[in-house]
Amino acid sequence: MDHKLRKEIGKIEKLKRRKKFQCLFPQCSDVSIGSHSQQRGGQLKIISENDEVFSMNFSMYDVLTKGNSAFSLVKTRIKNASIYPGFCQTHDGQVFSPIEKQPLKKGDELQAATFFLRTVTYEVTRKRLVHFGTQKILENCAKILPETALDNFKLQNLGRDKFIKHDLPFYLNNAYKAYNSPESGILKTKWVVIPKKLNASSCTVFSPMRDFQERIYHQAISSPQILSSFNLVPMQDETHVIVSWLAQHTDKNEWIESVMDTQLEQFINYVAICESEDICIGPELWESVDIFTRERVYEAMHHEIYRGALDEIPCIIRI
């Protein structure tokens with residue numbers, strides 16, 4: 001990377017870090033703050049050491065300079081981990097109070113809907129931030145990057161633009177419906193409690209279609225992608241695994257219920273490692289993983305179109 005491009009990417013990184021959006025609460029026009037997709041004083045604090053966890057590196061600078069090696073976990077202060085500009089100060093506390101101010105209760109429909117809403121709003125914001133950063137690259141680096149790189153960025157943002165304008169409003173609307181009427185049956189949830197603290201935490205959407213998602217999506221591009229939510233919530237003496245999906249997509253999620261009953265450990269590792277853009281791992285766990293397994297984890301983090309179909313899921317989160 002030449003000096004001029006390095007300088008421009010550095011500027012774009014700063015713009016992304018400072019970027020704020022309008023609060024995602026309906027009819028609120030206030031500016032968002034740094035909301036936590038994983039509770040800072042709860043699950044992140046519990047798995048941290050010296051208030052630090054290992055979380056994913058989202059630096060565009062690293063992506064452009066290191067290529068595939070940009071998939072990495074870096075030690076992060078919990079105050080800076082899993083932050084997204086989703087809600088204003090008022091609604092950040094209000095919306096998440098059912099899962100942050102009350103003990104978690106397996107099967108609680110309001111809590112399940114709150115986790116689903118938080119996961120969806122995190123995905124909304126992540127996609128917007130990546131779209132914003134990529135657009136800035138196209139605007140500021142058009143005379144620096146090769147044409148093939150620019151074309152690739154344009155195509156990526158065309159896909160994100162469709163997802164932001166069509167798919168995310170669909171999920172956000174349904175998430176609020178479920179949140180406001182948790183007993184309405186809009187959501188289906190599989191909730192498992194593991195009687196020990198796992199040293200990992202996650203909040204993510206994932207495709208129940210797994211590695212076939214891309215092919216199915218391109219065959220039905222006018223329909224919203226089928227997405228489910230996954231929350232891995234460690235506590236002092238137990239860990240909650242909460243997976244939710246829209247009832248209208250139940251037929252595509254049926255496999256999850258049986259797999260969570262029979263292959264829970266493999267399922268947790270699959271989603272948390274291969275599907276999640278929001279995983280935090282406690283230092284005690286990650287620092288015990290050998291370098292060869294770490295490389296397998298990083299490879300599994302890649303999208304299926306880059307890494308190919310999975311032959312084996314690195315199983316580092318043990319139950």
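**A serine and its sheet**

Analyst: Let's start with a side-chain pair: S276 and S202 make a polar contact through their side chains, at 3.1 Å. A polar contact here is a pair of N or O atoms within 3.5 Å; within protein, one must be able to donate a hydrogen and the other to accept it, and residues adjacent in sequence count only if both atoms are side-chain atoms. This is a predicted model, so local features need pLDDT of at least 70 and side-chain atom pairs count only at pLDDT 80 or more, while totals for chains, interfaces and linings use all residues. Numbering runs from 1 along each chain as its sequence is written, and side-chain values use heavy atoms, with hydrogens and water left out.

User: Is S276 buried or exposed?

Analyst: S276 sits in the loop between helix 10 (264–275) and strand 9; helices (H or I, at least four residues) and strands (E, at least two) are DSSP runs, numbered from the N terminus. Buried means under 20% relative accessible area, exposed over 50%, partly exposed in between (1.4 Å probe, protein chains only). At 4% relative accessibility, S276 counts as buried.

User: Which residue in strand 7 is the bridge partner of S202?

Analyst: Strand 6 (200–206) and strand 7 run antiparallel, joined by five bridges. Two strands pair if DSSP finds at least two bridges between them. The bridge partner of S202 in strand 7 is L232.

User: What is the strand order of the sheet?

Analyst: The sheet is open and has seven strands with antiparallel pairing. Its edges are strand 3 (73–77) and strand 5 (187–194), each of which pairs on one side only. The order reads 3-2-9-6-7-8-5.

User: How many residues of strand 7 are buried?

Analyst: Both faces of strand 7 are covered, with S228, F230, L232 and P234 buried on one side and S229, N231 and V233 on the other. Strand 7 also forms a hairpin with strand 8, with four residues between them. As for the count of buried residues in strand 7, that is seven of its seven.

User: Why do the buried residues of helix 12 line one face?

Analyst: The buried residues in helix 12 (291–301) are T293, V297, Y298, A300 and M301. On the face turned away from that buried side, helix 12 carries the exposed residues I291 and F292. The buried ones line one face because, seen down the axis of helix 12 (taking directions from the axis to the C-beta atoms), they fall within an arc of 160°.

Definitions and conventions:
Contact means heavy atoms within 4.5 Å. Axes are lines fitted to C-alpha atoms, for helices over the stretch in contact, and angles run from 0 to 180 degrees between N-to-C directions.
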